[in-house]
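Dear colleague,

Please find the structure below, handed over for your use. A written account of the findings comes directly after it.

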Amino acid sequence: MKLSISRSSLLTAIVIIALVASAPFAVAEFLKTGELYILSRRFLDDIVARIHGPGRLRFILQPLTAIVLGARDGMKDARAGNPPFLWDLFFRSSIRSRLMRSALTSVRDLVAVAILFDVAAQLLIFRMVHPGAALLFGPVLIAFPYASSRALTNRFTRWRGRRVSIADAGQGTN
């Protein structure tokens, strides 16, 4: 019997282990201070420390990777004749779940790595991990760049395709 573990499954397991391991410390802090970290003033102050602390390059690399993945999927959408991603996501509830599955499949590993990077950065900067903050920062660095890139690439690819076909049609009449 051969056991096969995918990269995505392994990353997901590591993320779950890291978040579960940090949860008791976050709960203890909540019980001690009486405030939820992610809704506290300290969280807002710590955002600056994240940007200037170890791992700050991720604020460039993770969104950039999400943009590349979104562009790839946007071109696929345009070739398939699908409308821009965000349009369908907001206005076509009948296919919303399919779109969300497609997006999650594309960025699931990237989100897992983003969460792990945030956990590591918190350990280096604050000597503590706040699991809620890691679950917020990881996906936020990915979601908006991915969705907007996918939608804009689709629109641009379709617009460019129409221009090329119009130009080809104009040359065929000469």
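The following paragraphs describe the chain as a whole, then its salt bridges, and finally one glycine.

The model is predicted: local features need pLDDT of at least 70, side-chain atom pairs count only at pLDDT 80 or more, and totals for chains, interfaces and linings use all residues. Residues are numbered from 1 along each chain as its sequence is written, and side-chain values use heavy atoms, with hydrogens and water left out.

Overall architecture

The chain contains six helices and zero strands, in the order α-α-α-α-α-α along the sequence. Helices (H or I, at least four residues) and strands (E, at least two) are DSSP runs, numbered from the N terminus. The radius of gyration of the chain is 21 Å, whereas a compact globule of 174 residues would have one near 16 Å. That radius is taken over C-alpha atoms, and the globule rule is 2.2 Å times the number of residues to the power 0.38. Along its principal axes, the C-alpha trace extends over about 80 × 50 × 30 Å.

Of the 174 residues, 34% are buried; here buried means under 20% relative accessible area, exposed over 50%, and partly exposed in between (1.4 Å probe, protein chains only). The accessible surface is about 11200 Å², and carbon and sulfur atoms account for 68% of that area. Areas come from the Shrake-Rupley method with a 1.4 Å probe, and for residues only the protein chains shown count as cover. Among contacts (heavy atoms within 4.5 Å) between residues at least 6 apart in sequence, 79% join residues at least 24 apart.

Charges and salt bridges

The chain carries 23 positive and 10 negative charges, whose mean positions are 7 Å apart. Lys and Arg count as positive and Asp and Glu as negative, while His and the chain ends are not counted; each charge is placed at NZ of Lys, CZ of Arg, CG of Asp or CD of Glu. Side chains of opposite charge can pair when their charged atoms come close. With a salt bridge defined as a side-chain nitrogen of Lys or Arg within 4 Å of a carboxyl oxygen of Asp or Glu, the count is seven.

One of these joins Arg7 and Asp109, with 3.2 Å between the closest N and O atoms. Arg7 lies in helix H1 (residues 7-33) and Asp109 in helix H5 (residues 96-126), so the pair ties together parts that are 102 residues apart in sequence. Arg7 is exposed at 62% relative accessible area, whereas Asp109 is buried at 17%.

In another, Arg42 pairs with Glu29, the closest N and O atoms being 2.2 Å apart. Arg42 is in helix H2 (residues 41-52) and Glu29 in helix H1, 13 residues apart. Arg42 is partly exposed, with a relative accessible area of 31%, and Glu29 is buried at 12%.

Lys76 and Asp73 also form a salt bridge, at 4.0 Å from N to O. The two are three residues apart in helix H3 (residues 58-80), and therefore separated by about one helical turn. Lys76 is partly exposed at 45%, while Asp73 is buried at 4%. Salt bridges with shared partners connect Arg72, Asp73 and Lys76 in one network.

Gly161

Gly161 is located in helix H6 (residues 131-172). This glycine is partly exposed, at 39% relative accessible area. Its C-alpha atom is 9.5 Å from that of Arg79, a residue 82 positions away along the chain.

Yours sincerely
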